[in-house]
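Biologist: Got the file open. Can we walk through the strands and the core together?

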Amino acid sequence: MNNAPVKKVPIHLQSSQNRLLIKNGRVVNDDGMEDADVYIEDGIIKQIGRNLIIPGGTRTIDATGKLVMPGGIDPHTHFELEMMGAKTADDFYKGTKAAVAGGTTTVIDFVLPNKGQSLLEAFGNWRQKADNKVCCDYALHVGITWWSPAVKKEMEQLVAEHGVNSFKMFMAYKDVWMLDDYNLMVAMETCSELRALAQVHAENGDIIARNTEKLLGSGVTGPEGHQLSRDEEVEAEAVNRACVIANQANAPLYIVHMMSKSAVKALRIARSRQRPPVYGETLAATVGTDGTHYKNACFRHAAAHVLSPPLRPDPSTPEAMVQALADDDLQLIGSDNCTFNEREKELGKNNFTKIPNGVNGVEDRMAILWQKAVNTGIMDPCRFVAVTSANAAKIFNLWPQKGRIAVNSDADVVVWDPRLERTISAATHSHTVDFNIFEGQHVVGSPQYVIVNGRVCLDDGNLRVVEGLGKFLKTPANCPYIYGEERSRSPQTENLDVPITPSKITNGTPTHELSVAHKQLEAMSMTSSGCSTPTGRKMREPGQRNLQNSTFSISKEMEGVDTKTSVRVRNPPGGKSSGLCLPGGLCGE
């Protein structure tokens with residue numbers, strides 16, 4: 001492959017904004033919260049605590065009443081992708097710009113070779129497209145769209161030489177990217193041998209092909225035919241089959257963009273019985289809207305919502321998927337950002353099979369989930385961090401460089417304002433695409449500042465990204481979190497103290513009184529918490545479901561009245577608790 005040229009950082013970026021102090025905020029990680037300041041220098045988090053000694057000339061951001069969280073990691077994007085005779089509207093510049101605007105500071109895109117194409121050649125093409133455009137760091141999955149001994153050899157090279165640890169197989173897109181079960185199993189066995197992670201798009205491609213023939217034959221040509229050709233049962237069957245094949249291959253498995261309650265049920269059963277771990281991802285689209293849009297009389301509107309698997313017409317699906325994320329039935333939320341303008345969508349005006357598949361989501365992923373999950377009391381901020389960043393960092397072996405506010409971690413940081421209100425619209429988003437599937441939705445809670453590698457790129461609402469500032473991230477194979485060593489100590493974090501304060505969990509109904517929360521946020525005094533003796537209960541283990549039925553209240557959590565007790569845990573981030581707990585409830589995975 002061609003080596004990408006070494007990027008030169010502009011002189012004005014080498015010295016400007018290399019020191020930053022975020023004061024008076026509440027630091028939120030997946031395993032707890034603390035009131036602390038965060039000092040950043042040269043793109044790295046250097047200090048966390050109160051009364052920090054910092055050099056002169058340091059810029060200060062006052063985060064009073066705000067949450068300081070790890071930058072989001074979107075594990076599923078498609079920038080500059082050519083498919084179905086069209087090319088996505090968002091390239092690597094506009095796509096990562098939109099990501100940063102929404103609080104995401106790392107994306108993982110997909111290399112998708114054509115059938116018969118060299119994986120290494122396709123990987124090189126993606127690096128050339130991305131390296132000089134990305135506004136934030138990125139990594140790459142690689143698709144296995146055909147099989148031969150040559151493919152296996154190139155998988156070995158990608159793992160050993162190019163920093164790829166995940167490979168995606170398709171059970172759909174018959175005659176394009178789909179593998180049959182035999183080759184799917186061989187590919188999964190290869191992933192296991194390489195200590196990489198097998199990913200699948202789980203839908204039954206043969207059933208979809210046959211259903212499509214019958215629908216077109218009966219005169220159904222509009223966007224509604226897309227959903228009718230691939231209902232929940234078609235997805236659930238493939239999820240179950242993928243889990244069985246992975247178990248036979250002794251391969252860890254990651255199922256992308258799960259879109260239905262039936263699919264989640266199949267995954268839950270598999271996770272309860274399988275030894276190699278199985279992970280599930282859903283999308284911002286799944287929790288933020290539904291499949292009733294396919295019946296819209298306006299073709300532009302209906303086609304803009306077409307993606308695979310499709311949005312489900314069952315209106316209870318979005319809340320069920322949020323609950324699955326909260327309960328650890330699902331572990332991550334991505335965007336599957338794959339945007340096409342109206343002109344490209346119209347390629348399928350007379351045949352739904354020709355509508356390019358894909359929607360937006362990379363910019364609104366975090367705000368949509370916050371609105372649907374945290375503001376409704378279903379999820380606490382720690383679990384929000386887990387599913388939007390920390391779990392992705394762990395699963396794709398970027399932890400704790402990414403996905404954590406900790407000393408020596410990358411300074412990818414979001415200062416989140418839980419009171420910030422806005423209305424989502426294509427007229428104001430940062431995407432190139434001319435439609436937004438969340439159009440008109442009002443959200444409360446969004447980033448006020450976004451720091452990428454130590455540089456403030458969203459500055460009190462002003463977006464100032466730099467094209468080419470991001471770098472390619474190698475994702476090493478043999479990930480400890482997946483392959484059974486998740487509790488081993490890392491030299492980087494061996495002696496790291498992680499102070500945490502308990503999250504307040506309520507036992508009543510979800511709170512919808514955000515105006516009350518706003519007043520309490522304005523009045524609260526955020527101070528450092530002291531240490532206390534542990535209560536003896538255990539924090540939730542990684543992968544363990546939250547069996548409590550209590551709901552989280554953002555107003556109570558941010559009030560600061562009953563959250564003065566803290567526990568210090570000497571463990572590597574993401575490691576096993578030493579029998580200490582969060583008084584009053586659970587907080588994240």
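Biologist: How many bridges join β9 to β10, and which way do they run?
Modeller: Six bridges join β9 (residues 104-111) to β10 (residues 137-144), and the two run parallel. Strands here are DSSP runs of E, at least two residues, and helices are runs of H or I, at least four, numbered from the N terminus. Strands pair if DSSP finds at least two bridges between them. Ile108 stands opposite Ala139 in β10. This is a predicted model: local features need pLDDT of at least 70, side-chain atom pairs count only at pLDDT 80 or more, and totals for chains, interfaces and linings use all residues. Residues are numbered from 1 along each chain as its sequence is written, and side-chain values use heavy atoms, with hydrogens and water left out.

Biologist: Which strands form the open sheet, and in what order?
Modeller: Eight strands, in the order β6-β9-β10-β11-β12-β13-β14-β15, with parallel pairing. β6 (72-77) and β15 (332-334) stand at the edges with a single partner strand each, so one side of each has no neighbour in the sheet. The twist averages 30 degrees from one strand to the next. That angle runs from 0 to 180 degrees between N-to-C directions, with axes as lines fitted to C-alpha atoms.

Biologist: What does UniProt place at Lys168?
Modeller: The unreviewed UniProt entry places "modified residue: N6-carboxylysine" there. UniProt positions are in the numbering used here, feature names are shortened, and annotations may be inferred rather than shown by experiment.

Biologist: Where does Lys168 lie? Buried or exposed?
Modeller: Lys168 lies in β11 (residues 166-170). Lys168 is buried, with a relative accessible area of 2%. Buried means under 20% relative accessible area, exposed over 50%, partly exposed in between (1.4 Å probe, protein chains only).

Biologist: What is Lys168 in contact with?
Modeller: Leaving aside neighbours within four places in sequence, the contacts of Lys168 include His76, His78, His201 and His257. Phe110, Val142, Gly143, Ile144, Gln199 and Val256 are also in contact with Lys168. Contact means heavy atoms within 4.5 Å.

Biologist: Switching to the core. Which residues have the most contacts inside the largest one?
Modeller: Ile144, Phe167, Met169, Met188, Val200, Leu253 and Ile255, in a nonpolar core of 148 residues. Such a core is a set of buried Ala, Val, Leu, Ile, Met, Phe, Trp, Tyr and Cys residues joined through side-chain atoms within 4.5 Å.

Biologist: Which helix gives the largest share of this core?
Modeller: Helix α15 (residues 381-395), with eight residues. Apart from this core lies another, of 17 residues, among them Ala36, Val38, Ala63 and Ile405.

Biologist: What about Leu253, which residues does it touch?
Modeller: Beyond neighbours within four places in sequence, Leu253 is in contact with residues including Met188, Val200, Ala242, Cys243 and Ala246. Among the buried residues of α8 are Ala242, Cys243 and Ala246.

Biologist: Now β17. Why call it largely enclosed?
Modeller: Because 10 of the 11 residues of β17 (residues 442-452) are buried. Eight bridges join β16 to β17, running antiparallel. Val413 has Ile451 in β17 as its bridge partner.

Biologist: How many residues sit between β17 and β18 in the hairpin?
Modeller: Two, and Asn453 in the turn has a positive phi of about 50 degrees. Four bridges join β17 to β18 (residues 455-459), antiparallel. Val452 stands opposite Arg455 in β18.
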